Amino acid sequence: EINELGNKAKNYVFHHVISNGAFAKVYSVTNLKYSRKAALKVGKKVVEHDLHSTSNLSYLLREPLLIKNLNHPNVIKIFDSNTYSNFSAFELELLD
């Protein structure tokens, strides 16, 4: 799975899974372009017929837009977001 993601999201080196939820997994990554450690939240693959019936997918795609407008010390910063052929991902500040 990490190899598949790495083949599509080439700006990242994937290290390990930090968290696994119902709609997304969060990976510890290194962003090669900016030489920084980060967390990458990757939406789980969704079957094509679920795209129109799942409000959770819609939220997952809107989540980066909502987070980037927040500026508070208790909210994780978002660095980047991208949509690949069969998943979406966004790069977040990695908390140690």
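1. Some terms before we start. Two strands pair if DSSP finds at least two bridges between them. Strands themselves are DSSP runs of E with at least two residues, numbered from the N terminus. This is a predicted model, in which local features need pLDDT of at least 70 and side-chain atom pairs count only at pLDDT 80 or more, while totals for chains, interfaces and linings use all residues. Residues are numbered from 1 along each chain as its sequence is written, and side-chain values use heavy atoms, with hydrogens and water left out.

2. Let's begin with strand β3 (residues 36-43) and its partners. Eight bridges pair β3 with strand β2 (residues 24-31) in the antiparallel sense; in β3, Lys41 is the bridge partner of Val26. The two strands make a hairpin with four residues between them, and Ser35 in the turn has a positive phi of about 50 degrees. β3 is also joined to strand β5 (residues 88-92), again antiparallel, by four bridges. There, Glu91 in β5 is the bridge partner of Leu40.

3. How many residues of β3 are buried? Six of the eight are, so the strand is largely enclosed by the rest of the structure. Here buried means under 20% relative accessible area, exposed over 50%, and partly exposed in between (1.4 Å probe, protein chains only).

4. Tyr12 deserves a look. This residue of strand β1 (residues 12-20) is buried, at a relative accessible area of 8%. Its side chain makes a polar contact with the side chain of Glu91 at 2.9 Å (a pair of N or O atoms within 3.5 Å; within protein, one must be able to donate a hydrogen and the other to accept it, and residues adjacent in sequence count only if both atoms are side-chain atoms). Beyond four places in sequence, the contacts of Tyr12 (heavy atoms within 4.5 Å) include Leu32, Leu40, Tyr84 and Glu91. The C-alpha atoms of Tyr12 and Leu32 are 5.7 Å apart, with the two residues 20 apart along the chain.

5. Tyr12 also belongs to the largest nonpolar core, which has twelve residues, including Phe14, Val29, Leu40 and Phe87. Such a core is a set of buried Ala, Val, Leu, Ile, Met, Phe, Trp, Tyr and Cys residues joined through side-chain atoms within 4.5 Å. β3 gives the most to this core, three residues. Apart from it lies another core of six residues, among them Val26, Ala39, Phe90 and Leu92.

6. Finally, Ile18, also in β1, is partly exposed at 43% relative accessibility. Among its contacts beyond four places in sequence are Val26, Ala39 and Leu94.
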